[in-house]
Structures are given as C-alpha cells and as structure tokens.
Amino acid sequence: MEKAEHAALFNYKGYNLAKEFMKLDLVEAVEDFETRDSDIFIDTYPKSGTIWTQNIVCLILYEGHRNGTENISISHRCASIENNLHNVDITQMPSPRVLMSHLPYYLVPKKLRAKKGKVIYVYRNPKDTLVSLFHYINSFRAVENSYNLEEYMERFLSGNVFGSLVFDHVKGWYTHQNEFNILFLCYEEMIQDLRGTVLKICKFIGKELSSQEVDKVVEMSTFKNMKADPRANYVKTYEQCFGQKSVKHIRKGTVGDWKNIMTVSQSESFDNIFQAQMKDIPLKFIWDIKEIQSTQHGKLQEPLQEDKEQKCSSQP
C-alpha cells in the first residue's frame with residue numbers, strides 16, 4: 001500500500017482519502033458492494049458539482065423533495081458508499097437507490113464496472129476545482145494554519161490532496177467509460193443549460209416528468225435556491241459530524257472564479273501541466289463565464305449574475 005505524503009491523507013490502492021471522513025471498513029468493502037440494476041451512482045472528483053448533481057437527481061426522483069413535503073437531507077437520500085457519515089442503512093434503501101462516490105473508476109463496485117447500475121460522472125474545469133477545494137479546505141483550518149494558494153496549488157498539481165490527481169481521476173473514468181453504463185456531464189454545460197441537463201438525466205435514469213415538474217426541478221436546482229435549502233446545503237452535517245460551523249460547502253457555483261485569485265504566472269503554470277496531462281483526452285473544458293452561451297428561459301441564471309455576457313465554449 002502506498003503512503004500518502006500528507007498527514008491528513010490516507011492512501012488506499014493509489015488513491016488519497018481524507019482521514020477525517022474515511023471509514024476504512026467501508027472503503028475495503030466497496031469493490032464487493034452488492035449493486036442493483038436500478039442503482040444510480042453519482043461520481044465526481046471532489047468539488048466538481050457533486051451535491052448539485054445529487055440534488056437534481058433527488059428532485060427528479062422524489063415528488064416529496066420537489067414539493068417540500070419531505071424534509072430529508074441529500075446526505076441521507078444519497079449516501080456515500082465510502083464515507084456514509086450518517087450511517088444510512090444502504091441495504092434498506094428503496095430502489096432506485098441514489099449513491100455518491102469520489103472514488104476513481106478502478107475502486108468502485110465490480111458489478112458497476114460490469115454495467116450493473118448506472119453512473120453519472122461530472123467533471124469541471126480543474127482551475128475552478130482547485131480554487132473551490134482551496135477555500136473548502138481552509139474553512140476547516142484555523143487562520144494561522146491556512147494554506148496560501150501557491151502552496152495548495154503545488155499539492156493539487158502533484159496529486160497530494162484528497163482525491164489524488166484530478167487529471168488521473170477524469171482520464172480514468174473517460175478512458176474506461178465503455179466498462180460502465182455511464183452519462184458524462186460537464187459542470188459548466190450544466191450551468192449553460194440546466195433544463196437540458198435535467199431532461200438528459202431523466203432520460204438516462206428512465207424517469208418521465210411533466211413539463212411543469214421539469215420546471216420545478218430546474219427552479220429548485222439553481223444555486224440561489226440550493227444554498228437556501230438546508231436539505232441541499234450541508235451546514236448541519238458539518239456541525240453534527242465535525243463540530244464545524246464555518247464550513248461552506250456551497251460557495252459561489254460559478255465559472256471562472258480562478259481568475260479572482262490566481263496570478264498570471266500561476267495560471268500559465270497550471271495550463272502547461274494541464275496540456276501535458278490532458279492532451280490525448282478530447283473532453284471539452286470551459287474556463288470562463290464568457291465562454292458560455294447566453295442563458296434563456298429555464299436555464300440556470302443564479303450563479304451567473306456577476307457576468308451575463310457569454311459566448312460559445314472552447315478549450316484553452
């Protein structure tokens with residue numbers, strides 16, 4: 001077993017887990033996890049739209065979640081197979097079960113890799129992922145122990161962080177997608193066309209909704225409404241499980257926030273490593289809010305308030 005280079009990390013079969021969240025017995029049991037044909041797994045690299053996607057799927061599946069008659073948090077509706085902070089009895093969850101993971105493709109259940117169950121994989125431009133993780137990790141730490149961006153970026157680009165190297169995570173899932181029944185989603189394209197994303201997910205998981213129901217899912221999936229919804233905002237989870245009151249799991253939900261914190265030199269260094277790592281992967285990455293087409297009725301607008309001029313997506 002490889003050893004993680006940072007004291008807060010535990011390396012399991014080449015993948016870095018956060019010791020504070022980790023339950024080793026669960027992690028070791030994942031590969032033999034009994035998967036159902038109807039299972040829906042949401043997998044992402046950390047801070048790549050995980051809760052957002054969970055919320056959308058739960059709003060699609062559960063009428064009580066849409067109309068507010070059921071006060072069940074996302075963390076209970078969509079348990080993590082490797083953390084399960086609330087000790088949800090996953091075996092007793094009714095089908096279709098919605099499950100969450102940050103694991104790389106090679107550590108998820110073997111039966112999932114044999115196309116039993118469905119996977120929704122979301123990727124995000126890694127500069128914004130870095131910045132989101134940077135703020136998230138620092139919200140756990142005392143001010144005097146907080147990272148500066150240069151320090152954290154070095155760790156991020158070497159894979160010495162929770163989730164290991166982001167490029168390996170995305171490449172692994174992309175290059176092995178034929179082994180899974182999988183839907184690939186781009187975080188920025190979800191922002192660009194939320195309604196289209198909802199319809200795409202509905203089709204993939206086999207759930208038919210009326211036009212009015214789709215409208216409701218879209219409305220409740222906006223960043224503004226999610227942040228105000230305690231079922232989707234994990235503030236209580238951090239207070240209950242870790243005694244933390246300052247953690248902001250939902251922060252901005254926009255595109256291009258990296259421009260507000262990264263220097264030109266840091267951005268160029270990042271670009272060089274990105275190009276070297278991802279040159280053979282034909283996924284589209286969107287780096288700036290201005291690369292996104294103008295929003296129309298029914299598309300996500302709340303995270304885009306700071307810049308409403310948008311255009312077509314492109315690569316760096």
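Isoleucine 42 has methionine 100 of β4 as its bridge partner. The coordinates belong to a predicted model, in which local features require pLDDT of at least 70, side-chain atom pairs count only at pLDDT 80 or more, and totals for chains, interfaces and linings use all residues. Residues are numbered from 1 along each chain as its sequence is written, and side-chain values rest on heavy atoms, with hydrogens and water left out.

Strand β3 (residues 40-44) runs parallel to β4, and four bridges join the two. Strands are counted as paired if DSSP finds at least two bridges between them. Both strands belong to an open sheet of four strands with parallel pairing, in the order β4-β3-β5-β6. Its edge strands, β4 (98-101) and β6 (182-186), each pair on one side only. On average, neighbouring strands of this sheet are turned by 20° against each other, direction ignored. For such angles, axes are lines fitted to C-alpha atoms, for helices over the stretch in contact, and the values run from 0 to 180 degrees between N-to-C directions.

Two helices lie across strands of this sheet. Helix α2 (residues 50-61) lies across β3, β4 and β5 (118-123), at about 160° to β3. Helix α8 (residues 166-175) lies across β3, β5 and β6, at about 140° to β5. Contact here means heavy atoms within 4.5 Å.

Helix α2 has twelve residues and reaches 17 Å from its first C-alpha to its last, close to the 16 Å expected at 1.5 Å a residue; the expected span is 1.5 Å times one less than the number of residues. Twelve of the twelve residues of α2 are buried, so the helix is largely enclosed by the rest of the structure. Among them are Trp52, Gln54, Asn55 and Cys58. Buried denotes under 20% relative accessible area, exposed over 50%, and partly exposed in between (1.4 Å probe, protein chains only).

Another buried residue is phenylalanine 285, with a relative accessible area of 3%. This phenylalanine is found in the segment after α14 (264-278). Phenylalanine 285 and glutamate 188 are 97 residues apart in sequence, and their C-alpha atoms are 8.1 Å apart in space.

For the chain as a whole, there are 14 helices and six strands, defined as DSSP runs numbered from the N terminus (helices H or I, at least four residues; strands E, at least two). Buried residues make up 56% of the 316 residues. Of the contacts with a separation of 6 or more, 71% are between residues 24 or more positions apart.
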